[in-house]
Amino acid sequence: MTILDVKNLSVGFPTPDGVVRAVNDISFSVSAGETLAIVGESGSGKTVTNLALMGLLNTNTTQISGSAMFKSHTGDIDLLGMDPNELQKYRGQDISMIFQDPMSSLHPYFSIGDQIIEAHQVHNKVDPEVSKARAIELLGLVGIPDPASRINSFPHQFSGGMRQRVMIAMALVNNPSLLIADEPTTALDVTVQAQILGLLKDLQREFKMAIILITHDLGVVAGAADRVNVMYAGRIVESAGVFDLYAKPAMPYTQGLLDSVPRLDRPHTDRLVAIPGQPPSMISLPDGCSFAPRCSRISEVAGNKCLTTHPELTLRADNHSARCFLGEGVRA
Amino acid sequence: MTSPILEVTNLSKFFPIQSQGIFSKVKGDNKAVNGISFTLNAGETLGLVGESGCGKSTAGRTILKLYEPTSGTIKFEGEDITNYSAAKMKPLRTQMQMIFQDPYSSLNPRHTIGSIIAASYEIQKITPENGVKRAVQDLMDRVGLNPEHYNRYPHEFSGGQRQRIGIARALALKPKFIVCDEPVSALDVSIQAQVINLLDDLRDDFGLSYLFIAHDLSVVQHISQRVAVMYLGKIMELAPTTELYKTPHHPYTKALLSAIPLPDPVTERKREQIILSGDIPNPVNPPTGCVFNTRCWKAQDKCRTTEPTLVQIGASQVACHFPD
């Protein structure tokens with residue numbers, strides 16, 4: 001069952017130098033219980049996409065277009081066309097978000113209990129004691145030892161990994177059907193990252209929620225995702241099931257990303273295969289494929305097509321589409 | 001290749017913690033680096049890995065005498081520099097340089113990159129053969145920057161390019177030894193690979209020795225000949241790279257390796273992960289005995305009372321009572 005269906009989402013930020021086209025006409029959907037990873041490098045638009053869905057961008061200074069139909073507890077709603085006050089009813093209730101930096105996303109002046117209880121009270125007209133019991137339950141669930149007393153602790157008394165657990169508890173307090181996790185483990189050490197990723201997997205099974213996992217780490221994606229959208233310069237350039245994507249990447253950028261990661265499971269060869277150059281300016285995107293200036297395979301496409309014509313996202317196999325002239329029209 | 005360029009013996013760096021008030025007293029010490037020993041050979045790269053707070057950056061800075069060591073000795077090319085004053089260190093600085101993690105905050109935003117790189121010559125009062133500008137432009141060319149960008153400011157460059165500026169600056173005085181403190185962790189993967197390849201090439205061309213500090217074991221594996229794994233200010237395991245990754249002996253090394261997600265969904269989902277519980281203990285009050293005992297699944301009474309020392313197992317040195 002599809003719970004979120006995003007169609008033709010574009011986000012632009014007007015600046016004195018021109019409009020920064022952070023997200024360009026992207027469409028995707030998420031089904032209940034599945035994990036969709038959005039992977040890309042800094043500036044590829046993966047975070048902005050989700051900030052737009054959550055209504056966290058200032059609509060006075062941002063150009064947002066497109067639609068995002070979401071199955072909420074009150075029926076189908078369009079997240080993008082909604083009044084901000086109206087959206088508040090669903091945010092934290094049906095959709096929650098956890099952020100990258102657990103150090104700065106908790107309020108330092110309030111105990112963690114107060115912050116989780118508040119998240120529950122906003123959406124539920126119940127006695128504060130009920131909310132407190134719920135907060136303790138959640139803290140226990142995310143693996144905070146002795147939750148009944150730790151509920152009175154302040155964020156500074158927790159380590160980074162523990163704070164991220166608190167953030168997760170807060171996000172899940174109202175049983176959301178969709179959790180957006182924006183680089184949830186990037187600020188954490190690898191051993192703690194493994195704990196948090198394991199926790200998210202367990203909680204997903206328990207709560208049957210969908211997760212949109214935003215990350216730049218292809219290792220994290222390989223372990224956690226069901227489907228993957230690869231973003232480059234504000235566009236989805238490849239979309240596939242996780243096994244397909246790693247086994248048969250159809251877009252040279254995806255291949256390049258996979259090649260440039262130093263990996264433990266392979267003998268360390270002398271050189272990494274780097275992608276030359278750097279991502280384009282989002283103010284003046286190239287006419288053709290936005291990856292063309294860095295692509296090593298443009299000579300394989302006749303007549304400089306990559307530099308002049310913009311490729312569309314086309315289907316390559318079942319549930320596998322890519323934005324590249326190479327292999328276009330060939331169905332595996 | 002065989003003579004050590006750097007010898008570190010029992011090096012410690014403690015940061016005193018003062019109590020509040022006028023008559024402040026030292027309450028305790030943050031034992032950031034606690035008795036580490038290793039050698040670095042000419043032309044070699046030694047990786048120093050560990051999680052945040054394990055003391056790897058402090059170790060790097062103390063070796064360059066950016067911090068005064070608390071105890072232990074540092075020998076650079078056979079010369080004991082442990083108690084050298086700043087003035088006495090200055091001529092040696094041409095030989096030992098540093099590349100910093102954050103390419104955004106390690107370059108002065110008000111200086112052009114030409115003057116940032118040329119500052120090394122100015123400080124050391126060295127005039128290169130064909131003039132400073134020529135030397136700087138040659139360096140820029142060598143690290144993959146356009147020499148015409150000599151007069152540009154740091155904000156006009158991307159993260160990867162800025163890291164190249166930092167590398168050019170470190171290379172300016174033709175050093176023999178460079179401490180690379182997380183040089184690629186602020187960069188995107190595609191750019192990270194470019195910078196790693198550059199560091200690899202420069203090492204071979206200039207015969208450099210690196211102390212390569214990083215938290216990312218896959219990056220370290222790629223660039224190092226030997227790797228030291230640190231935990232809470234101590235070296236847990238020191239081994240040749242292939243040894244360390246193929247047959248880790250210390251439980252912490254094992255856990256660290258198993259926690260790294262592999263970019264391959266098939267193997268990633270099949271393999272068994274060791275997930276450590278808890279967090280790194282406070283370095284002010286490190287656990288008695290083995291510092292890893294609070295998170296170790298093999299810990300026994302001996303681990304809580306007696307501190308293990310580094311012992312040779314095959315080609316590796318391991319500090320564990322019950323190594324694999």
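**A note on the two-chain model**

1. In chain B, the C-alpha centres of domain 1 and domain 2 lie 28 Å apart. Domain 1 of chain B covers residues 2–223, and domain 2 of chain B covers 247–323. Where the two touch, domain 1 of chain B puts in 10 residues and domain 2 of chain B puts in seven. On the domain 1 side, strand S2 (26–41) and H7 of chain B are the elements that give two or more residues. S2(B) gives the most to that side, with five residues. By class, the domain 1 side divides into three nonpolar, four polar and three charged residues. Please keep in mind as you read on that this is a predicted model.

2. A word on confidence. The model as a whole scores ipTM 0.80 and pTM 0.87. Chain B has an average pLDDT of 91, and 99% of its residues score at least 70.

3. Domain 1 of chain A is made of two stretches, 1–94 and 176–267, while domain 2 of chain A runs over 104–175. Their C-alpha centres are 25 Å from each other. Each side brings 13 residues to the contact between domain 1 of chain A and domain 2 of chain A. On the domain 1 side, helix H7 (residues 190–207) of chain A is the element that gives the most, with six residues. That side holds 10 nonpolar and three polar residues, and no charged ones.

4. Now for the meeting of the two chains. How many residues of chain B are in contact with chain A? There are 37 on chain B, facing 38 on chain A. Four helices of chain B each give two or more residues to this side: H6 (189–206), H7 (217–223), H9 (251–259) and H10 (265–270). H6(B) has the largest share, seven residues. The chain B side is made up of 19 nonpolar, 12 polar and six charged residues. If you look again at H7 of chain B, you will find that this helix also gives two or more residues to the domain 1 side of the contact inside chain B.

5. The largest nonpolar core has 186 residues. The residues with the most contacts inside this core are A:Ala169, A:Val221, B:Ala168, B:Phe212 and B:Val229. Helix H6 (residues 160–172) of chain A supplies the largest share, eight residues. In general, nonpolar side chains tend to be buried together in soluble globular proteins. Setting aside neighbours within four places in sequence, A:Ala169 is in contact with A:Ile116, A:Leu138, A:Leu139 and A:Val142.

6. Two of those partners lead us to helix H4 (residues 128–141) of chain A. In H4(A), the buried residues are A:Ser131, A:Arg134, A:Ala135, A:Ile136, A:Leu138 and A:Leu139. They pack against helix H3 (112–123), helix H5 (147–150) and H6 of chain A.

7. Is A:Glu238 buried or exposed? This residue of strand S10 (residues 235–241) of chain A is buried, because 27 other C-beta atoms lie within 10 Å, where 20 or more are needed. Not counting residues up to four places away in sequence, A:Glu238 touches A:Val230, A:Leu245, A:Pro249, A:Ala250, A:Met251, A:Thr254, A:Ala322 and A:Arg323. A:Phe325 is 87 residues away from A:Glu238 along the chain, with 12 Å between their C-alpha atoms.

8. A:Phe70 counts as buried because 23 C-beta neighbours lie inside 10 Å. Its contacts, leaving aside neighbours within four places in sequence, are A:Ile3, A:Leu4, A:Ile77 and A:Leu79. A:Phe70 and A:Thr2 are 68 residues apart in sequence, yet their C-alpha atoms are 8.5 Å apart in space.

How values were computed
Residues are numbered from 1 along each chain as its sequence is written. Chains are lettered from A and ligands numbered from 1 in the order in which they are written. This is a predicted model: local features need pLDDT of at least 70, side-chain atom pairs count only at pLDDT 80 or more; totals for chains, interfaces and linings use all residues. Ala, Val, Leu, Ile, Met, Phe, Trp, Tyr, Cys and Pro count as nonpolar, Asp, Glu, Lys and Arg as charged, and the others, Gly among them, as polar. Domain bounds come from an automatic or database domain assignment. A residue is buried if 20 or more other C-beta atoms lie within 10 Å of its own, exposed if 12 or fewer, and partly exposed in between; C-beta atoms are placed from the backbone. A nonpolar core is a set of buried Ala, Val, Leu, Ile, Met, Phe, Trp, Tyr and Cys residues joined through C-beta atoms within 7 Å. pLDDT is the predictor's confidence in each residue, from 0 to 100.
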